[in-house]
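My entries follow, in the order I made them.

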Amino acid sequence: MNKFWKASASRNRWEMLQEAAVENLIRLCGLSAILFVFGIFLFVFREGSGALTSGQFNLFDFLAGPEWNPTSTGGTRFGTLPLLTGTLAVTLLAMAIAVPVGLGGTIFISEFCSPFWRETLKVSIEFLAAIPSVVWGFIGLMVMSPLIVALTGAPIGLSVLNGGIILALMSVPIIASIGEDALKAVPDAYREAAIAAGATRWQLRPCEPHLSWGD
Amino acid sequence: MGHDALAIYVHPNNPLNTITLDELAQVYGRDGRIVTWAGLGVTVPGAKSDEVILISRQSHSGTYQYFRQTLLGAHGDFRLGTRDLNGSKEVVSLIGSAPGAMGYSSMGYATPEVKTLRVGRHAGEVAYPPTAANTIAGTYPISRPLYIYTLGKPSQAVLEYMKWVQGAEGQRVVETSGYVPIVRQAGGHHE
């Protein structure tokens, strides 16, 4: 009896050690993901801090200067206003297109689809989300640019419209995919309660506030 | 390892055929005064506006640096508002679809969808097309030699590769890619 007790106690301790080791390893892996992201910020900031502390750095000129020409041999200018406005313009246009389409697709797939179409559409959306952004850029240059010239009479197709549409096309699959996961996480109890109270399927859309958990 | 000429590309419908370095500096330069095709003396049929749409390269490109140096001198700057593209090939394909555009790229990337201009140094001088013969002769004003650089003395394998590039086979590849091969001088050898 004593022999069995001691044997099982030591086996227990060994298992507990193993358990703790694996748990700590997984904790380390999870922390490392966060650490690496912070590491990126740290190293970029360290490399650039020389410019920030050089005494010649003027925050107003940097943010509001209208010319960005860091490789000029005649006079370097570091105004990021054109870069900021470009990003803002393209992003706002892309979100104006992508959010309604993405959310609409999400709700359709999650609530109104037949199971066959749901699976087909989900797989297609995952494929679309996996297209590398280089390919989207190429599509923008080769396909969207002549299309914009032909349809809008612009002199050239490289424009905010082009960038906004391509960015929207890139974002819609990701919005739909994440949104669909979030809607699936809504407890069925909510849906069943709503149906029991007499709501139609369209009136079930108040499930949407739970979509915010999906970000 | 070879020579290259930077050709000025325009759309085939563009009636312009020749241009001088001075005009190019006025078109591409920061303080240049030519902004429309009317300023160059032509109207482009099919162009939606008279503005010269400048296609350029991004600032890390050797083509960009060389073009700026040749045209605008050591301290010149390009005009703001050029469309900066990523690669030599994209420049040519974009010009093929935009009648009001002008851009520069290696002459090896020419396609039937674009037209190259003859370039002269100054008004009244002969304007030469970007051909292999004009590049070697130095008559085409925007031509440059292409070099391979090594960090210090090259190792044996790298030396073999460089010898191959300068040999008959490598030069044949240079030629089929659209660049200009090295001219062999009798009795001499290139380092």
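**Cysteines**

A disulfide is a covalent bond between the sulfur atoms of two cysteines. I then checked A:Cys113, which is buried at 7% relative accessibility. A:Cys29 is partly exposed, with a relative accessible area of 48%. (Buried is under 20% relative accessible area, exposed over 50%, partly exposed in between, with a 1.4 Å probe and protein chains only.)

**Ground rules**

I noted that this is a predicted model, where local features need pLDDT of at least 70, side-chain atom pairs count only at pLDDT 80 or more, and totals for chains, interfaces and linings use all residues. Residues are numbered from 1 along each chain as its sequence is written, chains are lettered from A and ligands numbered from 1 in the order in which they are written, and side-chain values use heavy atoms, without hydrogens and water.

**Where the chains meet**

I counted 17 residues from chain A and 19 residues from chain B in the contact (heavy atoms within 4.5 Å). Chain A and chain B bury about 1600 Å² between them. That is the accessible area (1.4 Å probe) that two parts lose on being put together, summed over both. Carbon and sulfur atoms give 55% of this area.

I found two salt bridges across the interface (a side-chain nitrogen of Lys or Arg within 4 Å of a carboxyl oxygen of Asp or Glu). A salt bridge joins B:Arg30 and A:Glu67, at 2.8 Å from N to O.
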